[in-house]
Amino acid sequence: MEVSPGTCVVVGGGPAGMIASLLLARAGVEVTVLEKHRDFLRDFRGDTVHASTLTLLDELGLGEQFARLPARYLVQAGVDLDAGHVEIADLRRLPGAHQHIALVPQWDFLELVAAACRAEPTHRLLMGAEVVDVLGSARGVHGVRYRHNGTEQELAADLVVACDGRTSAVRTSVGRRAREFGVPIDVLWFRLPRHDDDPIRGLGRLTRGAMVVLIDRGDYFQLGYLIKKGTDADLRAAGLEAFRDRLVEALPWLADRVEALDSMEDVKLLSVQISRLRRWWAPGLLFIGDAAHAMSPVGGVGINLAVQDAVAAARRIGPRLASRRLRTLDLAAVQARRWLPTAITQFGQRLAHRYIVGGGPLGRGRTESVPPALRLLQRFPRLRGVPAYAVAIGLLPEHAPAWGRRSETPEATSLGDRLAPDLRS
Ligand SMILES: Cc1cc2nc3c(=O)[nH]c(=O)nc-3n(C[C@H](O)[C@H](O)[C@H](O)COP(=O)(O)OP(=O)(O)OC[C@H]3O[C@@H](n4cnc5c(N)ncnc54)[C@H](O)[C@@H]3O)c2cc1C
């Protein structure tokens with residue numbers, strides 16, 4: 001007698017959810033992704049697609065399509081200190097086919113993966129569907145309740161994979177609280193026009209009282225201006241002109257364009273968190289990505305970790321779920337595999353925070369001298385391969401299982417074409 005395949009609900013269509021769902025569908029699982037937004041167009045999710053994710057895209061048969069997206073490539077990373085420019089990471093020293101990080105708006109990356117999902121007959125993507133509760137409890141979950149087009153509906157499944165980010169509704173539904181590691185910084189996020197002859201060599205600027213990260217998005221920069229946690233209200237009270245002055249003080253060449261900020265409404269506060277669940281699973285439920293461990297933007301590694309979690313999870317549970325042989329032990333095994341790379345990466349981010357508000361720009365502000373670790377990297381350029389590896393590949397990179405690999409996939413169509421059938425369902 002033929003056994004019908006296992007079913008899975010993936011909550012959240014971010015990097016973790018889309019990659020996990022693609023692989024689960026390729027394993028033969030009946031998978032439904034519920035994403036609360038109607039599109040992928042949000043600009044605060046980061047733009048980095050790391051070397052290990054690029055390798056994964058090759059394995060998934062999506063490398064050529066990805067290469068056609070409008071992208072910028074980062075091959076070296078440095079920052080401008082008051083003491084001058086320092087190079088930190090040299091990605092040309094990486095092993096493998098990709099010696100760079102691609103900077104691609106995340107919506108393009110997610111749309112590409114969504115197109116590949118559509119080619120899988122057991123995959124369904126439902127946009128504008130917000131999960132509000134789980135069916136069951138922390139002792140056992142067997143589906144979700146979600147709101148779609150103004151009505152609440154239930155969807156039963158053998159497994160719920162919660163990929164709903166750092167404010168995970170699924171986590172709340174089952175009464176799980178993540179352990180918070182205090183974070184002393186927040187980020188102000190906004191755009192300014194970019195010119196081809198801008199005198200920027202690295203990723204940003206560290207000076208006494210300010211740390212600014214600039215992401216090149218073609219005709220504009222996406223800027224992240226770091227502030228001490230809790231100081232946003234004071235900064236806003238001081239007004240737009242004072243904020244423009246602070247920017248120009250840190251980066252004088254921005255003087256000709258800070259007027260493009262019309263009001264402090266253009267400047268969004270993004271609260272930075274580092275947190276981690278003690279247990280990433282319960283019977284019928286698995287947390288991955290930021291839902292299991294919220295990442296700071298430091299190093300731009302959160303997307304990569306979320307993707308690596310997704311691959312590890314799908315590889316372990318895909319075939320078992322497809323043949324309805326999934327055990328709770330398999331869910332625990334996913335956490336066992338991904339816990340250490342996550343914990344070490346978060347520890348590194350916490351050290352970086354400590355520097356930023358301690359001896360660094362938002363603390364004692366010793367930016368006129370180069371910190372000892374960076375001096376070492378200037379003296380021995382080969383060592384720049386170490387931070388390059390840590391960021392662009394990461395600890396324990398994951399690879400697509402043989403059953404999930406493809407040599408080519410159908411061409412991407414427009415997002416409208418891809419979403420219409422799902423939205424009609
Ligand atoms: C300011 C800032 C900048 C960052 N920059 C970078 C960077 O440059 N590079 C990098 O690698 N990382 C960066 N990060 C970290 C990165 O954004 C996260 O680590 C990464 O997005 C996690 O992926 P995810 O799929 O787990 O979760 P998310 O990307 O958060 O995706 C969660 C998805 O779930 C959906 N969702 C949420 N709730 C529900 C619900 N109830 N029902 C249905 N759907 C739901 C959301 O709409 C979303 O699409 C940054 C973080 C911050 C705060």
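**The interface between the domains**

Modeller: In this predicted model, the protein is divided into two parts: domain 1 comprises residues 7-75 + 100-181 + 273-360 + 394-413, and domain 2 comprises 185-228 + 230-271.

As to the interface itself, 18 residues of domain 2 are in contact with 13 residues of domain 1. Between domain 1 and domain 2 an area of about 1300 Å² is buried, and carbon and sulfur atoms give 61% of that area.

Charged and polar pairing may be considered next. Two salt bridges are counted between domain 1 and domain 2. In a salt bridge of the model, the side chain of Arg-217 meets the side chain of Asp-47, with an N to O distance of 2.6 Å. Polar contact across the interface of domain 1 and domain 2 is found for three residue pairs, with both residues of a pair at pLDDT 80 or more.

The side of domain 1 that touches domain 2 can be described by its elements. At least two residues of this side are supplied by each of β4 (72-74) and α9 (328-357). The element that gives the most to this side is α9, with four residues. By class, the side of domain 1 that touches domain 2 has four charged, two polar and seven nonpolar residues.

How values were computed: Residues numbered from 1 in each chain as written. Predicted model: local features only at pLDDT ≥ 70, side-chain atom pairs only at ≥ 80, totals over all residues. Heavy atoms only, no water. Domains from an automatic or database assignment. Contact = heavy atoms within 4.5 Å. Buried area = accessible area lost by both parts, 1.4 Å probe. Salt bridge = Lys/Arg side-chain N within 4 Å of Asp/Glu carboxyl O. Polar contact = N/O pair within 3.5 Å; in protein donor to acceptor, adjacent residues only side chain to side chain. Nonpolar A, V, L, I, M, F, W, Y, C, P; charged D, E, K, R; others polar.
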